[in-house]
Amino acid sequence: MAIENLKCKECGATYDLGAHFACENCFGPLEVAYDHSQLDPAETKRKIQAGSQGIWRYADFLPFEGRPGDPLEPGLTPLLRADRLAERLGLDAELWIKNDAANPTHSFKDRVVAVAVAKAQELGFDTVACASTGNLANAVAAHAAAAGLKSYVFVPANLEEQKLLATGIYGTNLVGVRGNYDDVNRLCTQLAETRPWAFVNVNLRPYYAEGSKTLAYETAEQLGWELPDRVVCPIASGSLFTKVGRGFQEWLDLGLVEGQLPVFNGAQAEGCSPVATAFAEGWDVCKPQRPETIAKSLAIGDPADGPYAVEHARRTNGAIDSVSDAEIRDGISLLAETTGIFTETAGGVTIGVLKKLAERGEINAGERVVVYITGEGLKTLDATRDRFRMHEIDPALASFEAEFRQEVTV
Amino acid sequence: MPVTVKIPTQLRAATGGEAELEVSGTTVGEVLDAVFEAHDGLRDRITQDGDLRRFVNVYVSGEDIRFQEGLATQINDGAEVTILPAVAGG
């Protein structure tokens, strides 16, 4: 098999396949390195198609020897045509929604956590942990429960109630930190030094991040082994954005798909837009911000992969845009009204940016566009309050007719 | 003034295994210079061309120095300086 080592993305130094995440020479992030030269494209394709109905059908591209036992396998979420949304946006494009809310805990985080928890078990940890803006908390608590591991989940204490409830119910140690996500993340980085735990997005981050590539593989497979021309993807830490790119690139390199990398459009909330700001300013680092947005799942003021996300957008002739809280709410409604998909605030950010691109005329006629919806609307209910009025009536025909003042025709 | 500097696991090979260093200085820059004087191997790991490397975070008593005055951030008596990798989270 083809997993080689952990390799620093900055200086190229290599490390063994243990629980390491930062380079000792330059602090750069470590990434799993593979050698896929022995894979035959036709055979690989057949193996994938005969594989399980989730992310482990792509086991050859994940950091394991064979398929780990994962009782809560995520993935193979629907890729849906969104013609009515395209029409509302005035687009003459082939628009698709990848609805990743259709995962076990209703966000794309099930993908990364499935990989990290399997790696934690392989490395002999009995406790998993994470620093989370909410969706990751849900996923770590659930996957730990399914795997029979102990868990500690650290979140900002002021998180949405739905995300707290959908974490605590799994029997985890839910820790609300009085601070923002970046405070939580710093605390967890310090705890990871002394506790013998697998922090999925700290010491296991190189493996965890690999799970996001499965979104790219699924997209290509569901499009009939073809690539989109453009993707629109939310950015928090920047890991999903860059790993979706890596997934497409791996399949291009292997010859499983043809063509070139899609244009990558990143989406952030104005109230937390360090990556969009770095892109606009032409910086190669992100200046940290103090988040102030309803899109709490994207509220990372100091994004670990921000510099790589900026580079990736530039390299693919893409861009990174941001939208206001009002545009986020409008985006949630627009997606719901035209596709039947109810997304959380992060999805509102992504749809808001799609709308911006449409208004700027950046999406060409006939382009095939895939939009990544990464989370579920029922987790961020506050964002959708006061968007409509319920008609309340008595259980009587007259009451209904009075409310709707309908003309009766025979 | 005396300052405690917390060294992350990744850098302890360069400090002979020490997790905390006691140095003195009035700004973050002075404190880091004192750290480099004691353990020269740390300089290139943390800085490049006189600036912090892009994946190095430095905190003074829990506060990211990029929200303060960067390397010119003043150190108060009893403050703790923490160096951490920036590549966690998300």
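The model is predicted. It scores ipTM 0.96 and pTM 0.96. Chain A has 14 helices and 13 strands. In the contact with chain B, 30 residues come from chain A and 20 residues from chain B.

**Overall shape of chain A**

- Chain A has 410 residues and a radius of gyration of 22 Å.
- A compact globule with 410 residues would have a radius of gyration near 22 Å, so chain A agrees with that expectation.
- The C-alpha trace of chain A spans about 75 × 45 × 45 Å along its principal axes.
- Of the 410 residues in chain A, 56% are buried.
- Take the contacts in chain A between residues at least 6 apart in sequence: 69% of them join residues at least 24 apart.

**A six-stranded sheet in chain A**

- Six strands of chain A form an open sheet.
- Their order is E4-E5-E13-E10-E11-E12, and the pairing is mixed.
- Strands of a sheet pair through backbone hydrogen bonds, and they do this either parallel or antiparallel.
- Strand E4 (79–81) and strand E12 (319–323) of chain A stand at the edges of this open sheet of six strands.
- Each edge strand has a single partner strand, so one side of each has no neighbour in the sheet.
- Neighbouring strands of this sheet are turned by 25° against each other on average, direction ignored.

- Strand E11 of chain A covers residues 263–269.
- E11(A) and E12(A) run parallel and are joined by five bridges.
- Asn265(A) has Ala319(A) in E12(A) as its bridge partner.
- Helix H10 (residues 274–281) of chain A packs on the sheet.
- Helix H10 of chain A touches both E11 and E12 of chain A.
- The direction of helix H10 makes about 130° with that of E12(A).

**The contact between chains A and B**

- Chain B brings 20 residues to the contact, and chain A brings 30 residues.
- On the side of chain B that touches chain A, strand E5 (56–60) and strand E7 (80–85) of chain B each supply at least two residues.
- The residues on that side of chain B are eleven nonpolar, four polar and five charged.

**Confidence**

- The mean pLDDT of chain B is 94.
- In chain B, 100% of the residues reach a pLDDT of 70 or more.
- Where pLDDT is low, predicted coordinates should not be read in detail.

Terms used
Residues numbered from 1 in each chain as written. Chains lettered and ligands numbered in written order. Predicted model: local features only at pLDDT ≥ 70, side-chain atom pairs only at ≥ 80, totals over all residues. Helix = DSSP H or I, 4+ residues; strand = E, 2+ residues; numbered from the N terminus. Rg over C-alpha atoms; globule rule 2.2 N^0.38 Å. Buried ≥ 20, exposed ≤ 12 C-beta atoms within 10 Å, placed from the backbone. Contact = placed C-beta atoms within 7 Å. Pairing = 2+ DSSP bridges. Axes fitted to C-alpha atoms, helices over the stretch in contact; angles between N-to-C directions. Nonpolar A, V, L, I, M, F, W, Y, C, P; charged D, E, K, R; others polar. pLDDT = per-residue confidence, 0-100.
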